[in-house]
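This report walks through selected local features of the structure shown below. Please keep the sequence at hand while reading.

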Amino acid sequence: MTEPTARPDGYPGSPPARPAGPGASAGPTLGGLEVVEASVAFAGHRVVDRVSLAIRPGTILGLVGESGSGKTTLARAIVGSVALAGGSIRLDGSDLGRRRSSAERRAVQLVQQDPFASLNPLLTVGQVLDDLLREERLTSATEPGGRRPRLARQQRAADLLALVGLPSDALGRYPREFSGGQRQLIAIARALAVQPRVLVADEPTSSLDVSVQRTVLDVIAGLGRGMHLATLLISHDLSVVHAVCDEVAVMRDGVLLELAPAGRFFRHPGHPYSRALLEAVPRLPGR
Amino acid sequence: MNTLGSLVVDDLRVSADVELVHGVSLTVAPGEAVGIVGESGSGKSLTLRAVMGLLPRGVHRSGGRVQVDGTAAMIFQDPLSFLDPLARVGRQVAEVCAAAGRTSPRAARVRALELLESVRLPDAADLARRYPHQLSGGQRQRVLLALALAQEPDLLLCDEPTTALDVTVQREVLDLLAQLRAERRLSILFVSHDLAVVTQVCERVVVLRGGRVVETGAALDVVTSPASDYTRSLVDAVLPLPVPAGGGDD
Ligand SMILES: Nc1ncnc2c1ncn2[C@@H]1O[C@H](COP(=O)(O)OP(=O)(O)OP(=O)(O)O)[C@@H](O)[C@H]1O
Ligand SMILES: [Mg+2]
């Protein structure tokens with residue numbers, strides 16, 4: 001199991017140096033993910049309206065806000081599954097258009113609320129991972145453009161499972177043989193298999209129980225930081241956001257209302273709606 | 001005495017290849033709200049589904065007794081699998097209204113719109129014309145609640161009914177349930193992983209573990225002074241959240 005991540009209070013120190021990965025290109029900016037004045041429209045109606053934010057490698061931005069405010073739509077724009085009506089999405093300073101190269105698509109991975117919907121029920125976990133690893137062109141200096149041999153792929157698949165805390169015998173099993181929490185861990189392993197730079201998790205724990213939620217969050221936070229990913233975590237659970245995020249963004253009606261370091265956000269929310277959210281959190285008596 | 005909306009579950013057993021729920025007993029009185037808590041795989045959803053007689057394929061009730069007085073309706077955890085992807089959501093709600101009230105199609109459409117508004121969907125008339133995939137997760141969850149209410153139930157079974165909602169909308173939806181209980185003596189069996197929500201909604205709570213009841217009692221007592229170590233571990237697992245500094249912005 002991964003180390004439980006301590007909650008970093010406020011903003012973390014200087015970001016660690018990032019390793020070069022697929023899709024990496026030297027840019028003049030800070031690196032990581034930048035969303036610049038992004039808009040998305042459905043049938044002429046703007047559901048995401050000029051949203052700007054940035055996530056540095058190794059940090060986690062929590063996105064919260066009203067149901068229907070455009071969080072999932074923004075996530076889909078970031079991974080390239082809906083087109084922008086305006087603005088841009090940048091990775092390490094270079095524009096990610098709608099038509100993305102396979103390296104660009106691999107670089108930005110999505111983990112969804114329902115891991116069952118996103119896992120092919122007919123493939124074992126090992127097959128799912130192997131298919132991904134087989135596609136991967138090695139970028140290492142020793143074998144540029146080469147592919148991993150079978151045994152190396154098997155080893156890598158087992159390593160990925162170990163990273164998310166699953167035993168390697170999971171490789172031979174089918175998605176239905178796992179609990180909801182384990183399936184979510186598998187979905188994370190799959191996202192990480194392609195060595196992304198950005199991880200977008202859209203309510204990854206809202207269909208899981210508290211006990212499993214912790215594990216899944218610890219894995220997302222621990223690996224996100226450890227692998228220097230820019231991580232976007234969408235959640236309605238403010239205590240979850242409090243537990244793992246460095247910064248918090250709040251959306252309502254397609255608009256970004258507030259973006260603040262987590263330490264400040266939870267103590268001194270800057271927007272009345274943010275305060276209303278924090279005050280509406282149901283609390284256990286005596287807490 | 002009017003017992004409409006009451007539920008008795010006695011020594012319920014649910015099995016697939018092996019037994020999964022091992023003799024669960026619980027009751028809900030008319031107008032009462034009872035919570036079920038417990039970790040993943042503890043049998044919460046199976047118990048609810050067994051009450052509805054809607055167990056997943058390959059799973060069956062293998063013993064015990066379930067007695068519902070009146071009509072029961074259920075809100076399932078995964079809205080997408082209970083909505084018809086090819087029908088506009090307003091029509092889906094109207095069809096259920098028509099079946100439940102034996103009213104004209106026109107009256108059913110009006111009633112459907114009322115229900116969609118009552119579950120706090122903004123622009124209900126606009127959303128009613130959309131297909132399920134054109135709604136956000138939280139909007140779909142509220143459509144599901146409207147569908148359940150369209151059946152005019154005496155007993156409402158809720159499986160994690162507010163997980164996809166932000167906390168301000170969640171509060172409004174929970175207020176709506178409270179209002180329905182007061183107005184119509186609606187009884188509620190409420191499954192949630194959120195102990196704070198359960199304490200807000202329910203008078204009593206049943207703690208399940210591994211398909212067995214480990215503890216039951218007044219909701220407030222169970223969360224403030226749990227009798228079992230297991231319940232205590234559930235309470236301890238609740239993540240802390242600071243209260244924002246008082247009034248005004250700075
Ligand atoms: N395919 C679509 N066509 C038309 N409108 C859509 C479509 N998908 C989403 N919408 C609308 O866009 C708005 C934003 O939806 P989105 O799913 O991004 O919200 P969200 O913030 O993720 O909400 P939730 O917290 O409920 O998941 C909503 O009003 C939704 O109804
Ligand atoms: Mg969403």
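Arg185(B) is partly exposed, because its relative accessible area is 46%, where buried means under 20% relative accessible area, exposed over 50% and partly exposed in between, with a 1.4 Å probe and protein chains only. This is a predicted model, in which local features need pLDDT of at least 70 and side-chain atom pairs count only at pLDDT 80 or more, while totals for chains, interfaces and linings use all residues. Residues are numbered from 1 along each chain as its sequence is written, chains are lettered from A and ligands numbered from 1 in the order in which they are written, and side-chain values use heavy atoms, with hydrogens and water left out.

Arg185(B) sits in the loop between α6 (167-184) and β7 (187-191) of chain B, where helices (H or I, at least four residues) and strands (E, at least two) are DSSP runs numbered from the N terminus. Most residues other than glycine have a negative phi. Arg185(B), however, has a positive phi near 55 degrees although the residue is not a glycine. Asp123(B), also not a glycine, has a positive phi of about 50 degrees, and is found in the loop between α3 (105-118) and α4 (124-128) of chain B. Asp123(B) counts as exposed, because its relative accessibility is 58%.

## The open sheet of chain A

Four strands of chain A form an open sheet in the order β2-β1-β4-β5, with antiparallel pairing; two strands are said to pair if DSSP finds at least two bridges between them. The edge strands are β2 (45-55) and β5 (94-95) of chain A, each of which pairs on one side only. Helix α1 (residues 71-79) of chain A packs on this sheet and touches β1 (33-42), β2 and β4 of chain A, with its direction at about 115 degrees to that of β1(A). Contact here means heavy atoms within 4.5 Å, and the axes are lines fitted to C-alpha atoms, for helices over the stretch in contact, with angles that run from 0 to 180 degrees between N-to-C directions. Strand β4 (residues 86-91) of chain A pairs with β5(A) in the antiparallel sense over two bridges, and Leu91(A) stands opposite Ser94(A) of β5(A).

Ser52(A) has its place in strand β2 of chain A and counts as partly exposed, because its relative accessibility is 31%. The side chain of Ser52(A) reaches the backbone nitrogen of Glu37(A) at 2.8 Å, a polar contact being a pair of N or O atoms within 3.5 Å; within protein, one atom must be able to donate a hydrogen and the other to accept it, and residues adjacent in sequence count only if both atoms are side-chain atoms. Leaving aside residues up to four places away in sequence, Ser52(A) touches Val35(A), Val36(A), Glu37(A), Leu256(A) and Leu259(A).

## An enclosed strand of chain A

Strand β7 (residues 198-202) of chain A is largely enclosed by the rest of the structure, because five of its five residues are buried. In a regular strand the side chains alternate between the two faces of the sheet. Both faces of β7(A) are covered, with Val198(A), Val200(A) and Asp202(A) buried on one side and Leu199(A) and Ala201(A) buried on the other.

Strand β6 (residues 108-111) of chain A runs parallel to β7(A) and is joined to it by four bridges, with Leu110(A) as the bridge partner of Val200(A). Strand β8 (residues 230-234) of chain A also runs parallel to β7(A), through five bridges, and Asp202(A) has Ile234(A) as its bridge partner in β8(A).

## The site of ligand 1

The site of ligand 1 is shared between chains, because residues from chains A and B surround the ligand. Of the 20 residues around ligand 1, those that come nearest are Ser67(A), Gly68(A), Thr73(A), Arg130(B) and Gln139(B), a residue being near if one of its heavy atoms lies within 4 Å.

A polar side-chain atom of Thr73(A) lies 2.5 Å from an oxygen atom of ligand 1, and a backbone N or O atom of Gly70(A) lies 3.0 Å from an oxygen atom of the ligand. From chain B, a polar backbone atom of Gln134(B) is 3.3 Å from a nitrogen atom of ligand 1.
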